[in-house]
Amino acid sequence: SWDAKLADIFAWQKTVPDAAFDYDGKRVVLTGTVTSEAGKVARGEQAQAYFGADTMIDNQLRVVEVATSGSDVQCGDRIAVAVNFATGSSALDADAKAMLDKVFDCLKEGRFEISGHTDNTGSAASNQRLSLARAEATRAYLVSKGAKDADLSTAGRGPDQPIADNGTAAGRAQNRRIEFTRQ
């Protein structure tokens with residue numbers, strides 16, 4: 001029944017924080033952000049199961065894989081890294097600097113925007129300020145290591161672009177990140 005399908009769809013949307021879909025009766029367009037290619041495929045398969053084999057699924061989910069201290073950084077047009085900061089702070093600790101050192105070589109060619117992101121804990125205004133301060137601290141560190149100041153811009157995104165569920169500690173940790181986007 002459609003009631004059951006709608007309940008499943010809304011449950012699915014909770015697994016993709018910025019999920020949206022457009023349905024015209026024959027085609028579903030999925031948008032939002034997931035943290036892995038496997039997650040993108042799984043969400044597409046779920047949508048296919050919900051809407052049925054007669055519906056075309058246009059899976060436009062964006063994959064943002066977050067590199068953590070134990071993982072390698074994959075250079076590309078979009079790089080997301082887990083840079084942990086103390087609560088309410090923009091100071092980079094030794095682990096954060098080590099993570100940024102892994103990103104440094106990726107930034108040698110081209111211009112990048114450094115965007116800071118937070119989880120949804122606290123007010124939107126304080127998260128906005130904090131995310132910008134963290135992006136600026138990241139930029140200052142990279143410039144001190146030899147990156148070209150003119151090739152790096154900053155932006156604070158606050159909690160507005162989550163890539164994971166803010167309802168869990170693990171999700172909030174993934175959302176507290178720095179992203180580098182080639183300009």
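Predicted model: local features only at pLDDT ≥ 70, side-chain atom pairs only at ≥ 80, totals over all residues.
## Aromatic pair, cores and helix packing

The structure holds 1 aromatic pair, a term for rings of Phe, Tyr and Trp (its six-membered ring) whose centres lie within 6.5 Å, with planes under 30 degrees apart counted as stacked, over 60 as edge-to-face and the rest as tilted. The rings of tyrosine 23 and phenylalanine 51 have centres 4.8 Å apart and planes at 40°, so this pair is tilted. It links distant parts of the chain, 28 residues apart. The two members are set out below, where buried means under 20% relative accessible area, exposed over 50% and partly exposed in between (1.4 Å probe, protein chains only).

Residues are numbered from 1 along each chain as its sequence is written, and side-chain values use heavy atoms, with hydrogens and water left out.

The chain's secondary structure comes to 5 helices and 10 strands, taken as DSSP runs (helices H or I, at least four residues; strands E, at least two) numbered from the N terminus. Of its 183 residues, 40% are buried.

A nonpolar core is a set of buried Ala, Val, Leu, Ile, Met, Phe, Trp, Tyr and Cys residues joined through side-chain atoms within 4.5 Å. In the largest core, which has 22 residues, Val81, Val83, Leu142 and Phe180 touch the most other members. Two or more residues each come from β7 (78-81), α3 (94-104), β8 (112-117), α4 (124-144) and β10 (177-182), and the largest share, 5 residues, is that of α3. A second, separate core of 8 residues includes Val34, Ala47, Tyr50 and Leu61.

Helices α3 and α4 pack at an angle of about 65°, with their axes 11 Å apart; axes are lines fitted to C-alpha atoms, for helices over the stretch in contact, and angles run from 0 to 180 degrees between N-to-C directions. Here contact means heavy atoms within 4.5 Å, and the residues involved are Lys97, Leu100, Asp101 and Phe104 of α3 with Thr138, Tyr141 and Leu142 of α4. Leaving aside neighbours within four places in sequence, leucine 142 is in contact with residues including Leu100, Phe104, Ile114 and Phe180.
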